[in-house]
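I opened this entry to log what I looked up, item by item. The structure comes before the notes.

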Amino acid sequence: MKQLIILTLLLLSANSLWANSMYVDDTLLVPLRAGEGTGFRIVHKGLPSGTKLDIIEQNTASGYSFVRTAGGLEGYLPTRYLSAEPIARLKLARAEKELGSIKSENIELKDKLNDIQTQFSALEKDHKSTSSNLSSNSEELDRIKAISADALNIDRRNLELRESNEQLRNELELVQVENIRLKDKSESNMMLMGAALVLLGVVLALLVPMLKPGKKNDSWA
């Protein structure tokens with residue numbers, strides 16, 4: 001007797017701890033009764049399959065569960081009509097809802113993919129344009145470098161020519177000074193030669209009469 005009481009208490013405590021939700025199975029309408037058995041009064045003529053119920057207590061001995069509907073109606077029904085998983089119709093509805101959500105997400109992802117592809121095409125076009133500009137700039141840079149090198153060579157050549165011209169100018173000035181000196185010396189020599197010729201003429205003028213004999217004799221006579 002004591003063991004039976006302990007077993008009953010254990011069953012009652014287990015039933016009191018059972019507090020989850022279950023669903024009316026895929027069967028016909030299940031009546032909700034006021035007690036555990038078909039002899040009790042029906043409080044609801046038939047819960048449709050798929051109805052979600054809160055399990056207040058389950059009695060494994062009687063095979064009945066004390067449940068509560070979403071509207072607050074409480075009663076007993078056979079546990080065999082309950083399922084821990086939603087019925088196929090609810091599963092299908094849930095699956096269709098998830099499928100609709102996945103389709104919407106798929107459309108959104110496709111739109112994002114199209115946007116990304118458009119951006120990629122624009123970036124690829126910009127990349128090609130940038131590469132073309134870079135190639136053009138490289139060619140222009142090479143041309144500028146070549147021009148710069150030519151300009152440096154020309155500047156170096158101009159410097160050499162300026163130095164050469166300066167040297168020639170100095171040499172020309174020396175030649176001009178030498179010409180002036182030679183000219184002055186030539187004029188001085190001409191003057192000296194002229195003076196010498198005049199002096200020679202005077203000497204000859206004095207000597208020639210003296211060298212004529214006839215005139216000397218006549219003068220002596």
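I took helices (H or I, at least four residues) and strands (E, at least two) as DSSP runs, numbered from the N terminus. On that basis, serine 65 is found in strand β5.

Ground rules next. I am working on a predicted model, where local features need pLDDT of at least 70, side-chain atom pairs count only at pLDDT 80 or more, and totals for chains, interfaces and linings use all residues. Residues are numbered from 1 along each chain as its sequence is written, and side-chain values use heavy atoms, with hydrogens and water left out.

**Overall layout.** I counted three helices and seven strands in the protein. Starting at the N terminus, the order reads α-β-β-β-β-β-β-β-α-α. I set burial by relative accessible area: buried is under 20%, exposed is over 50%, partly exposed is in between (1.4 Å probe, protein chains only). By that cut-off, 14% of the 221 residues are buried. For contacts I used heavy atoms within 4.5 Å. Among contacts between residues at least 6 apart in sequence, 56% join residues at least 24 apart.

**Hairpin.** I called two strands paired if DSSP finds at least two bridges between them. Strand β4 (residues 52–59) pairs with strand β5 (residues 64–68) in the antiparallel sense, over five bridges. The two form a hairpin with four residues between them. Glycine 63 sits in the turn with a positive phi of about 80°.

**Serine 65.** Is serine 65 buried or exposed? I logged serine 65 as buried, because its relative accessible area is 0%. Glutamine 58 stands opposite serine 65. I then checked polar contacts (N or O atoms within 3.5 Å; within protein, one able to donate a hydrogen and the other to accept it; residues adjacent in sequence count only if both atoms are side-chain atoms). The serine 65 side chain has one with the side chain of glutamine 58 at 3.2 Å. Another, at 2.7 Å, goes to the side chain of threonine 79. Leaving out residues up to four places away in sequence, serine 65 touches residues including Glu57, Gly75, Tyr76, Leu77 and Leu82.

**Helix α2.** Valine 198 lies in helix α2 (residues 88–211). I logged valine 198 as exposed, because its relative accessible area is 55%.
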